[in-house]
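Take a look at the sequence and the 3D structure below. Then read on for a short tour of selected spots.

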Amino acid sequence: ACVADMCQCDSNSTSCLCNTMSEYSRQCVHAGGTPRQWRTAQFCAKSCPFNMEYQECGIPCLDTCSNPERGQLCEDHCTDGCFCPPGGSHITTYDGKRYNFHGDCSYVLSKVCATNIIHQCNDTDFTILGDLVKCGLSDTETCLKGVTLAISGGATVINILPSGNVFVNGIFSQLPLLTVGTVIFMPSTFYIMVQTPFGLQVEVQLIPVMQVYITAGLTYRGKTCGLCGNFNNIQADDFKAISGVVEGTPAAFANTWKARAKCPDMSSSFENPCSLSVENEKYAVHWCSLLSDPKGVFSPCHTMVSPDIYKMTCMYDSCNCEKSEDCMCAAISSYVYACAARGVHLSGWRDTMCGKYSSSCPSTMVYDYNIQSSNQTCRCYSSPNNICMLSFQPVDGCTCAKETYLNDEGKSCIAPMVFFDCSSSGPGAKGSECQKSCQTLDMECVSTECVSGCVCPSGLVSDGKGGCIQEDLCPCVHNGAEYQPGDKIQIDCNTCTCKNRKWDCTDNVCHGTCAIYGDGHYITFDGKRFTFNGGCEYTLTQDYCSNNNGTFRVITENIPCGTTGTTCSKAIKLFLGNNELILTDGNYQVIQRDNSVEVPYQIHVMGNYLVIEASNGLILMWDKKTSMFIKLSPTFKGQVCGLCGNYDGNENNDFTTRSQAVVVDAVEFGNSWKVSPTCPDVGILKDPCTFNPYR
């Protein structure tokens, strides 16, 4: 075909070959191959709109504004086309919310929020700072260059550097170390751990690159704030800023947790580093794909921890980092760590990848995949003590072999700012590192050393733009926009007023909303998004759960439409007390049923929507086509079940089946809510774009 195209071509242009080459690439994909980027700027070039990029083998399940997690559930062959790039440094909150952010400052990772402290002493208070800096050759490559833990109101400050050096109150310390009940030790050459007596544990990974894992005890539930969230089991408010409102984007949220006033606000980046180098992309695809290999060394963990998000992280970091192997192995090790947290201990994976770290142990040490007690550290082999009795989640690294141990052998400032000189100040002085700004006024300064620099005069704070401002003139911030005192914003069903730099919001309890739209797309009451296409009757939501007597049940009857395997809603059935309301073909009918309790309701039209409002707190909105919204009053919290979830504020358990089992697969979850057991189960979901690439 290629030869025929060239022979029949009317010009000497190679463009005649493009269609044939493109078709060959697609057939390669369907046969199980992964073609590389063969197009160049001079040969069969493709352009994409906006900030999208052309990929020869991209995930066909596109992430969208309405369903930004669709690609994580994709099981289809890759396909060619224009795609949105991933991006960011990667953070997972206490409640499991994942987001990306390119930082260049010292940020509050987690702290005890002052407004939530119910005890008088501050012995269990803590603040954890992470120093994120730009590194490598690109602006989007961000590295963690230090972790600082301040406890007991800053009386003890522990600073950990990527080199493995640890400083306590500014003094270099040998490990293991016990100070004020807090233990600092190295279970292996790869990790440094800090365990406090009040339920906080900080694990700092040093090799291949610095990463940090923070574990807070249950006593801190709902009492934390910072980039790691508020630890209340509700992902929807993890982006709550210190001002009291929930920010809409990761960048807007993270910017509110800067610990240094002089740092600039960062914005989101959508650049895809894999598009800049074919060789880097080839490298990333080869190694990162091992995470999702169903027969590979990581497969025993697939049912507990999905590898998809870690594969995307691995791809991005491998292409973005100057040292590709280090970042690739760090992403792989984060998946191994997540599996260990779920009780799945993976071993042998360094036999085929990232082996240089395990094979480069000192001659007197050995590598171990499963180190889970502090008596395996070098110091404990030489002089066992109480520090050596600790236990923790398994880690890997180099540790001492049995019965062996290691030996211990001037500047101008723009007015009104003035220059603060630490050299002329006394011991314990705090310099420009503790300059307050409108955003950091409510945060205590954790200083490891005095830094000379420009500061605002007494009585003024930094405005974040290089100037100084009176404290009472500081604005409120929401989603990156500034609001002056007295300004109001609407957050769901509550009104928030800007007062003294913070939002004063009404505390109305809002209705929960479940959305069903398009080709089998769902958003549960607790905010979980998923796709499920079934050709049966399914229970969307009901309060007939756990053998309770209920008042309503909403059922959708789906049928296949077209020839692509998609489904359309044929009818919506609302069982409301002793009435059955059937919504179909843009109209409705009411059928009287048994003599059960009567639930009064009203039906009216609002724009394109048919609205049913019931006296029990249920509102159903139907656009007479493929979209429907179900609103429930807070009295139904934790009392409902079905495809819309259980409405308990925790999206992690929304995939609760009819038999009360919590599963991770949307298809298994959806099939469990069939009304009729004789209706066939849905199999693996297929994306119609794979079968119709030209549409």
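## About the model

This is a predicted model, where local features need pLDDT of at least 70, side-chain atom pairs count only at pLDDT 80 or more, and totals for chains, interfaces and linings use all residues. Residues are numbered from 1 along each chain as its sequence is written, and side-chain values use heavy atoms, with hydrogens and water left out.

Helices (H or I, at least four residues) and strands (E, at least two) are DSSP runs, numbered from the N terminus.

## Empty spaces

Rolling a probe the size of a water molecule over the atoms shows where empty space is left. The search uses a 1 Å grid over the protein atoms alone. A cavity is a set of points where a 1.4 Å probe fits but cannot get out. A pocket is an open set with protein on both sides within 12 Å along at least five of seven lines. Lining residues have an atom within 4 Å of a point. Grid points are joined across faces, edges and corners, and a volume is the space filled by probe spheres set on the points.

The largest cavity holds about 120 Å³ of space. Its lining has 15 residues, and A259, M443, E444, C445 and V446 are the closest to its centre. Strands β5 (105-112) and β6 (126-134) each supply at least two residues of this lining. Sorted by class, the lining of the largest cavity has seven nonpolar, three polar and five charged residues. Here Ala, Val, Leu, Ile, Met, Phe, Trp, Tyr, Cys and Pro count as nonpolar, Asp, Glu, Lys and Arg as charged, and the others, Gly among them, as polar.

The second largest pocket has a volume of about 560 Å³. It is lined by 31 residues, and D265, C438, Q439, V477 and E482 lie nearest its centre. Helix α3 (250-255) and strand β23 (476-478) each give at least two residues to the lining of this pocket. That lining divides into 12 nonpolar, 10 polar and nine charged residues.

## Aromatic rings

The structure holds 25 aromatic pairs. Rings of Phe, Tyr and Trp (its six-membered ring) pair if their centres lie within 6.5 Å; planes under 30 degrees apart count as stacked, over 60 as edge-to-face and the rest as tilted. F190 and Y367 make a tilted pair, with 6.2 Å centre to centre and 50° between the planes. F190 lies in the loop between β12 (182-188) and β13 (191-195) and Y367 in strand β17 (residues 365-373), so the pair ties together parts that are 177 residues apart in sequence. Both F190 and Y367 are buried. Buried means under 20% relative accessible area, exposed over 50%, and partly exposed in between (1.4 Å probe, protein chains only).

F298 and Y335 form an edge-to-face pair: 6.2 Å centre to centre, 75° between the planes. F298 is in the loop between α4 (278-288) and α5 (308-320), while Y335 is in helix α6 (residues 324-341), 37 residues apart. F298 counts as buried because its relative accessibility is 1%. Y335 counts as buried too, at 0%. F298, Y310, Y335 and W349 form one aromatic cluster.

Charges can also meet rings. A charge sits over a ring if NZ of Lys or CZ of Arg is within 6 Å of the ring centre and within 35 degrees of the ring normal. The charged end of K97 sits over the ring of F239, 5.0 Å from its centre. The charged end of K528 sits over the ring of F655, 4.9 Å from its centre.

## Two strand residues

Is T156 buried or exposed? T156 counts as buried because its relative accessibility is 6%. T156 is found in strand β8 (residues 156-160). Leaving aside neighbours within four places in sequence, T156 is in contact (heavy atoms within 4.5 Å) with L149, A150, I151, V168, N169 and V180.

I171 lies in strand β10 (residues 171-173). I171 is exposed, with a relative accessible area of 56%.

## Backbone

Most residues other than glycine have a negative phi, and most peptide bonds are trans. A cis peptide bond joins I207 and P208, with omega about 5°. P208 is in the loop between β14 (200-205) and β15 (211-216).

D492 is not a glycine, yet its phi is positive, near 60°. D492 is found in the loop between β25 (488-491) and β26 (494-499). N500 also has a positive phi, about 50°, although it is not a glycine.
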